[in-house]
Amino acid sequence: MHEIIRLVNRNLTISLNMGFVIWQIIFPLIYIFVAGFAYTALIHQVPFGNKTLDYPAFIATGMIGFNIMNSTLISGIIIWNDRRHGMFEQILVGPFTRAQYILSNVYTIGIIGLVSAAMITAVGYPLFFKQVEFNVLTIPLVVFASITGSILFGSIASIISTRLKSSEGFNVVINTVFLFFAFVSTAFYPAQGAPPILSTAFYFNPLTYLVDVVRAGIFGYFNGLVATEMTVLGIGATVLFLVATKLLSKLEL
Amino acid sequence: MGRKESILLYSIEINSLSKSYGDFIAVDGIDLKVEKGKIFGFLGPNGAGKTTTMKMLTTLIPPSGGKMNILGIDGIKSPLEIRKKIGVVLQQPSYEPTLSVEKSLEKYGMMWNVEKKIRKNRVEELLISFDLADIRKKKNDDLSIGQRRRVQVAREFMHDMELLFLDEPTVGLDPSARRGLLDFIKGKVKDGLTIFFTTHILEEAEYLCDDIAIINKGKIIAVDTPADLKNKFGREKTIKIHVSEQKDMSSLLSGIPDCTVEHDSGTVLTVRSSQSEQVLQEILKILASNHVPVEDLSVVPTSLEEIFLSVVKNSNA
Ligand SMILES: Nc1ncnc2c1ncn2[C@@H]1O[C@H](COP(=O)(O)OP(=O)(O)O)[C@@H](O)[C@H]1O
Ligand SMILES: [Mg+2]
């Protein structure tokens, strides 16, 4: 077996525990169903491109992006945990290079991101299938969003992991980042109708781009804005990935 | 291809290896040769530079200067080739908190590409050798520090290697686990493994090692077998005298040549000398002429521990 596959195998084994499954799958599902239906009373319809969506359909698709972010932020923490538990050094005195370690984390994050997206899509499907409009762009858009989104958020977590020393600091930063990304985005509510300051802030958040592209794929609505958002996601993921790799390869032992 | 290996005498050869952190020199141009198939003890007080040396030898950090050849491979040019052939137990703990003891051994073997069947057998063997069978299902997060250390050391034996680095592996272990580990290591050396063993505990080095290097402040101050170290520095004996009256014995004995007063409590006096016979005679004469009754008297060879302390003390001076 190739070194990277062995490292990915190890990464998945240490990440996929009960807590992770509950947080990643059960919690989002409860949220989709409870919040989706509870808020329908408040938010009936959401305008989206040339159509209007039910709120449950809107939030279920938002949860796909949310879950990609959530799971990749968590798996990006692999590096943090490896440093904290001495496994980073241990792996680097083993038969591996730093580049292989970094790539194995990227693949792990990508796999977890894609699987999370697929699961939420499968389970949320009954909520939005009436409004789904499959076309040639659906799969490419969702996959593109999943992969660039995974790498982008995984890189953010990796960068934070390499910069911080104390656990308290790390938790504060990760939670702050998480809360901002989760709630100042179009995952849970549309930009239209939000106060202008908030809807502007939405677009300083990569999760908004990720969620918008996923929705564009699922509801078959593609325009110039979506193309721009894809470009931003692609560039953002590339730049952050390069920064994360650079920091990690310079990390002093 | 096999030619080079068949003539390989030394598993480790380093020349004026050094490591600086800014202006601070942690390892100051050391030379070492470690014979193949031997246990080499690397001994020194805290902060001496043991871990830094080991991190360089295991290619975790690059040296600031010097040369190193590990298993016949240039350590600067081909670090990965070296890492494929060595095992390393670092001083700092390392563990997979979410995995059980047996799973973490298993996965470590997988990471080293050990065949599944061999892996399974080794896990069972190691669980027994390291007394981990009772806690095999426990998560590493829930283990005591000593148990975790045992898992960490056991884990390294999941894969094959030619040279094993151990950085203070017994720290945190209770005496029986400590002895168990040392004996396990001895057994592995019989099978041809070379071991580089770092410790600040002299007894361990004495019990285990074929050769010992003492490092202090980044410099090697002595290299020898434990027995020769004792011979070289250990002709000294320690004389302990217990008297029943409070007396200023230090000044009474100050005239005796080759007599170093180690400790003087007024009634208990400890003296070191390399000519213990004559010195003892002198002491007894002086005490008798001053009418100081001697209650108890003993002469013991100076322990390696004391040699170590005095060698380190001299090199600090
Ligand atoms: N990354 C580092 N930066 C600065 N100083 C260091 C670093 N690592 C070790 N040192 C210093 O180098 C010296 C030797 O450390 P070390 O090799 O860990 O000693 P030992 O293992 O013998 O106790 C110590 O004074 C330590 O503080
Ligand atoms: Mg040390």
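Start by selecting ligand 1 and what surrounds it (residues with a heavy atom within 4 Å): Tyr21(B), Phe24(B), Ala26(B), Pro45(B), Asn46(B), Gly47(B), Ala48(B), Gly49(B), Lys50(B), Thr51(B) and Thr52(B). You're looking at a predicted model, where local features need pLDDT of at least 70, side-chain atom pairs need 80 or more, and totals for chains, interfaces and linings use all residues. Residues count from 1 along each chain as its sequence is written, chains are lettered from A and ligands numbered from 1 in the order written, and side-chain values use heavy atoms, leaving out hydrogens and water.

Now colour the shell by class: five residues are nonpolar, five polar and one charged. Gly counts as polar here.

Next, show strand S2 (24-35) and helix H2 (50-57) of chain B, which each supply at least two shell residues. H2(B) gives the most, with three. Helices are DSSP runs (H or I) of at least four residues, strands (E) of at least two.

Zoom in on the polar contacts (N or O pairs within 3.5 Å). An oxygen of ligand 1 sits 2.9 Å from a backbone N or O of Gly49(B), and one is 2.7 Å from a side-chain N or O of Thr51(B). Alone, ligand 1 exposes 560 Å², and the protein buries 63% of that (Shrake-Rupley areas, 1.4 Å probe).

Finally, hop to chain A and select helices H3 (55-84) and H6 (138-163): their axes come within 8 Å and cross at roughly 35°. Those axes are lines fitted to C-alpha atoms over the stretch in contact, with angles running from 0 to 180 degrees between N-to-C directions.

Conventions. Polar contact = N/O pair within 3.5 Å; in protein donor to acceptor, adjacent residues only side chain to side chain.
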